[in-house]
Structures are given as structure tokens and as C-alpha cells.
Amino acid sequence: MTVTPDSPSELNRRTVLRRAAAVGLLAAPAISALAACASEDGEGGTTGEKTEANPFGVGDKQPLEVAFFNGGFGEDYAKFDVAAYEAKWAGSKVELKFSKTILTDYQPRFYGGNPPDVLNNSSPETIPVGPVVQGGQLVDLTALLDAPSYDDPKVKVRDTLVAGVVEEGTFNGKMYTLNYAYSIYGHWYDEALFQKEGWTVPKTWEEFSTLAEAAKKKGIAAYTFQGIHPWYIHNVITEWIYKVGGKEAILKIDNLEPDAWKQDAVKVAAERIAEMASKGWIQAGASGLDHTTTQQAVIDGKALFIWCGSWLEGEMAKTLPATVKLAVAPPWDLSSADKAKYGTVHAAPGEGFIVPTKAKNPAGGQEFLRMMLGKEQARKFAELTKSLPVVKGAADGLTISSALSSASKVAAAAPEVINWRYAGWYVPLQNAVFAAATELAAGKSTPAAFQAAVQKAADEVAKDDKIVKQKAS
Amino acid sequence: MSFGRARFITGFLFAPILLYAVYVLYPYAQTAYYSVTDFSGFSPDYAYVGFGNYVELFADDVFLRALGHNVVVLTVYPVVTILLALFFAFMLNVGGRGDKAGVRGVRGSSVYKFIFFFPQVLSIAIVAVIWRRVFQSNDGGMINSLLMKLGLVEKDKPLLFLAESDSVFPPIHLGDFTFEAPVVLVCLILIAIWGGVGFYLILFSAAMQSIPKDIFEAATLDGATRVQTFFRVTLPLLREHVSVAWVYLGIAALDFYALVVGMTPGPGGGGPNDASQVMSSYMMSNAFRPSRFDSFAFACAMGVSIAILTLLFAAAQMRLTRSRDKLEF
């Protein structure tokens, strides 16, 4: 392993500053003298004095470079954030860049040692956090969490965030990624169709079975999934495993415990998917279709349920007629002895932001993120993107869309909000679930084969000492 | 005089050689170097690890499967493409009825040439979009809807095509090595043939046109049939062109990256369940969807292996088909 910090002195200086910030000695003269010293060694230096209003010591007229992902959330909120930063730090020129392929565009800049100050690490291909943290190339954002929040200096940033943000961004025990958008996942359906047919949303497997047979008689598939993008079906099965086996079952999986995928919860979840496939409840040919085709099948009334995130309505806006009313339902009970109660919802922060250590202005980078977490900017994000930010109460009182209100309502009523970690930590394991779950839903495999294939991948990951292991709790 | 000429030539060659060195040779050398390190692709700090990456590579299930898929492509794609291209080229140039006008192609041959060459001008992205529609796995797919109308396929059991991982023949196991031809791979080969025939048709046409007509006329006068003319006259005279085509197609078969990534399921293509994974697509998914901190170096080892296999193939091919006696006409 080559875990080499940039240079010993560099590390010490940072550690000192970070600890100082953490203990709240921000305004102490000694520290500001230190911060002032720091400005002299160009790389990664800060030039301003650290105060309560300027917790990272952003220097006057320091240029800032921010790179955003140009995807489903669009460009507008980024432009708003940049304008806000430039207004607050007068004279600081912000260079705003957009990319559709973050990894391709920014990998060379990490390697070359001149990364941007803030990077929106999102897209189909992201910079993998593991190798970059190994090389000491990301700023530990603990200082940001402990800094005073933008709106109220008495409240720390940490306390303005919804639950799960710190955990989701943590690697090797420290938070390196700030996930900004909060997505709620579940089974989406067309409420209008259900009303017309007099159907109700199932709460148990029996109710679902009855509904599925009724729908089949009308030529409607009860279920569909985004076939060629296996990320979706891997979420369905993991969510169902959690539903049946509770947090305990998921922790075994996250922590790569021996035979974690041989648990009964995994067996039940896999059997349910196999049952749907064998009884013809899944849209025919779904495993070869893409996400828009299958999502459109639900909108067109050809399928009843599809698992997706709260971005679904925005994604399908162009082909969504006004007569269709998308709503979300939590997973129904899969057995009579599910450990997680009915109503349990899967929700997780996403859309990561990172600050590279070798950036020219990491202090400005962290300040930029602190401002994004302010009330006004978070609210604007909700308005512009029709998605929830991770800031508590940011979208309160906003009527954004019926689908998002439905998602928020389900999340608010949830007895438990769930998430898991293995997928982000261990790519080969996630890939194995991708392949095996798709085969299962396509009716080409059996629950036992699913369990065996995934367990094999989990064992290989567990014994591969080149994959850095994480601990979930 | 000769000194001036050398300077003149050097002057012209300097820029291309410099570009070649910077953008081709240097990256090759770099890749080879990284393949014996634990380079992550992100940090400039890395260590030499010897040939460990190569040892792991040839014990990697998916890589061996991908290699097997490349072998399938390599055996089918060049042969079928060359045979079709030769046949069409022959028909278009000398396959027409022999009459007073002498040797000529079938009627409407220029139209056919245009049609056959057309796929060549489409970018691979467009080819992928078109063929995804053709192979779509529900009643919206061209082939499926046709078969459903004919009553050959049930509406709730469409053919999966690109999402079908079953092999068209029972998989053959040779130790760790599995030899199989999943349906998805066969679909990709069909698309590649569709796209490739036009180019080689033009190549062979040009070669045939450079053969003096009197040779064909002499063959006709001696009473040779079209089949005889093809095998006794045309093919031997095209030997070198066929050999070149074989090398090109072989290299394309060992690559096959764009079709796999553009058309098959899964992140970065290669699905379902690695049924269409080829060496190059697996290399890319290792380089850019890493889990181990050194997977970039691992991917470099794959790149070097692919390059060596390709060079060996080309060398063997050249040796096998080297023309013994060159014909002048």
C-alpha cells in the first residue's frame, strides 16, 4: 500500500488547523497567526483570518474553481450558488465548470495535482473515493460539519443536516463526501389507474398476489424493472432483504460476514422475485429494456409498480400526461414475520461533493459547501430541481409536485428509514448482485443460484486484501 | 545533394514522428510500465509490484470468459465477413451474364454497392440505436413484433436477444476455461458483419477491377462457369487482399469494444451476467469502476495482454497467408 501524505509538514499544519477548528478556538490569535503563515506556502494555502463568520479563513479575492455534474438536476442551481458566493466574497472570481463525465474529465487533474476546489462527484462514472482517500487527496469534511452554520452561528452545520448524511459520506471513519440531495425510494404506481380500477395499494404479499392476478387478467403486468440498468433491481432485492431480515441482516451483508447471503432473509427476498417471474407478473422482456421504456410502461398503464427514486417524475416529465398521478408506496410485507414494519422506507443522501486537498483554495471550497447548506440556497435547490436537499426543513411549505409530496409523506410516516452500504463500498459485490438479481427477475435463475453466486463474490471481496474494508454499524 | 535530400525528408517526417511518439509510443510505454505497479490512476505515488497483476489476470474468471468470447468472435466474424464480401464483390463485378458486352457485374450493381457500403458511413452510436430497436425485447422491437404477428412468438414471451445469456450451443468446459457463444454475442457478431461487409466489398471490388478483364474473358472462352472462375481465377489473384482483410478483421474482433459498450446491458456493457464481456470492455470497467485501489494497474496489465495477443495474431496471420509467388499483371 502506498499511503503517502503530501509531505509531513503539510499534514501537521492541516491537522493542527482542523483540530483547532474542532475545539472551537477559531478566533484565538495564535491560530490566526498560523493561518496567516499558511498563506505563504502556495499549495493548499488559505489567506484569510479564521473567524466565526469565516470559519475556514477564506482569503480576500481568492479565485475559486467549482465543477458541477451536468445531469438531472440541471445547471441553474449551480449558477445560483456561484452567484451567492461571489456576492458574499466580493472580488472572488468563481470559475464554474460543467461536466457530463466527471471521472474522465477530472481524473487527470487529480493525477496532475491541480484539481478544482469543489467537485460535484456524481454521474454515471464518478471518481472512486477509496483510491483517492488512500492517496490523501481529499479534505476531511469534519471541519465543515463542526463549523457554524451559515444562517445561525450558534448551530453547527452538522445539526442542520438530515439523518444519514454523515454516515453516507464516511470512508475509513471520516466524512470525505458531502451528499447534497436526499432521495426517497419506493414502488411507484399510477394513483389514477388504481382509483379507476378500484384497486388499493397492497400491504402484504397476499394482497399483492391477488392484485397481480387481477391485473394479469386485464393484460397488465403487476411489476416491472429497469432491465438493462441492473442498479435498480439490485436495490429492490436489497430493500426486500432488509424488509424481511431487518437491520441485523443488512449489517451482516455490509460487514461481509461469512454466509451473510445464505441467511433466510435473503432466501425469502430472492424467492419473492423468482415467484413474480415464474407467475408472469413481471413485464415480459423487461430484462432487455431500458429505464425510460419500463418507467413509461407504468405511466402507460402496462405495468403497475416500478421501483425508482423520487426523481422519477422529473425524469419522465416529457412523456407524463396530466391524467397520470404518480405516487409512491413503501415495500409491502414479504412474509408474515418481516423484521422491519410495514411502511419502512428506503431513503438516502446522494449527489456527492468533494474538496480535494491539492486544490488551490480548499478553504474557499469548504466555504462554498457551507453556503450551499444555508437555508436560502437549499430552498432554491428544491425549487429548481424538484428534489429535496439534505438540509432539514429546506423545502417546508413548498408545493413542488404531487409526486414529491407523496414521497415526502411516505418518508414522514415511516417507522424506520433504511439504507445500506455494501453497494458503494464493494463494487465487485454490487456487480454480482446486479447480474444475479437480473437473472432472477428475468426468470433465468433460482433463489439458490442467486445466493450461491452472490456469496461467492462476497467471499472473494472479503479475502482480497487489495480492497479496503469498511465497518457498518 | 543527398545531404539536402535527407534534411528535406527529415523535415517532413519530424512532425508526424513527434506526434506518433508523444501520442502513441509514449502511452504504450506508460501502460506497460503501470502494469507492473500498483498505480491507482489518481495518485502519483505508486510502487513496483512485479508481474503480480498478470498472474492474477490469468486466474480471473471473468477475464478468461471474456477471452473466450473474443475467440468466438475471432473465429466467426472475419470468415463470414470475408466470404460475404468476396461473394458480393464477385457478383457485382464479374458475376453478370457473359454476353457480347464481355465481363460485367449483375444488373444494378452500383445501387447494390451503395446499399452495402451504407452502414460504413453510420457512426457506431447510431448503429447501436438502430439495432437496439431491431432487437428490443418486447412487442416494440422490430423482430419480436414481426414474429408475434406471424404467431411464432407469444406476446408474453418475447425473445430477449441482447439480454439473453444462454449459449447457442452447450458450453464447453476446458479446465477453468469455458467456451460458449451467448445469444447476445451472436447478435453483436451479426451487427458487426452487417457493418463490415460493405467496406471489404469495396476493397475486393477495387482489387477485382485491377485484374485485367482478358483473364476473365479467357476463362469464359475456355468454358469456365462462374463458380469455377471464382475459385480458379478470382480468389488466387485476390490472395493478398484477403490476407490484409483478415488481419484487419482479426484486430477488430480482438477489440469489439464499441458494440459491447454501446449495446449490451449493465454498467459499461458486457451483460447480462458477463455474457457479452470481451477483453477490452472488461479492461475499461476495471480502469473506471474500480474497487481495489490498484485496479487501474490491473487494467493496464489487461491492455498489454490484449496488445500482445493482437500482435501474435497478426504475425501468425501474415506468415500463414504470405504469398509465395507474386503475380504481375
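This is a predicted model: local features need pLDDT of at least 70, side-chain atom pairs count only at pLDDT 80 or more; totals for chains, interfaces and linings use all residues.
Trainee: Which domains does the assignment give for chain A?

Mentor: Domain bounds come from an automatic or database domain assignment. Here, domain 1 of chain A comprises 61–175 + 355–372, and domain 2 comprises 186–343 + 407–463. The C-alpha centres of these two domains of chain A lie 33 Å apart.

Trainee: What should helix H13 of chain B span, at 1.5 Å a residue?

Mentor: The expected span is 1.5 Å times one less than the number of residues. For the 27 residues of H13(B), residues 295–321, that gives 39 Å, and the end C-alpha atoms are 39 Å apart, so the two values agree.

Trainee: Which residues of H13(B) are buried?

Mentor: Among them are B:Ser295, B:Phe296, B:Cys300, B:Met302, B:Val304 and B:Ile306.

Trainee: At what angle do the axes of H7 and H10 of chain B cross?

Mentor: Angles over 145 degrees count as roughly antiparallel. The axes of H7(B) (residues 183–209) and H10(B) (residues 239–255) cross at roughly 160° and come within 10 Å. H7(B) is therefore roughly antiparallel to H10(B). Contact residues include B:Tyr200 and B:Phe204 of H7(B), with B:His241 and B:Leu249 of H10(B). The crossing is right-handed.

Trainee: How do H3 and H14 of chain A pack?

Mentor: Angles of 65 to 115 degrees count as roughly perpendicular. H3(A) (residues 76–88) and H14(A) (residues 362–372) pack at about 115°, with axes 10 Å apart. That makes H3(A) roughly perpendicular to H14(A). In H3(A), A:Asp81, A:Ala84, A:Tyr85 and A:Lys88 meet A:Phe368, A:Met371 and A:Met372 of H14(A). This crossing of H3(A) and H14(A) is right-handed.

Note on methods: Residues are numbered from 1 along each chain as its sequence is written. Chains are lettered from A and ligands numbered from 1 in the order in which they are written. Helices (H or I, at least four residues) and strands (E, at least two) are DSSP runs, numbered from the N terminus. A residue is buried if 20 or more other C-beta atoms lie within 10 Å of its own, exposed if 12 or fewer, and partly exposed in between; C-beta atoms are placed from the backbone. Axes are lines fitted to C-alpha atoms, for helices over the stretch in contact, and angles run from 0 to 180 degrees between N-to-C directions. Angles under 35 degrees count as roughly parallel, over 145 as roughly antiparallel, 65 to 115 as roughly perpendicular and the rest as oblique. A crossing is left-handed if the near helix is turned anticlockwise from the far one by less than a right angle, and right-handed if clockwise. Two residues are in contact if their C-beta atoms, placed from the backbone, lie within 7 Å.
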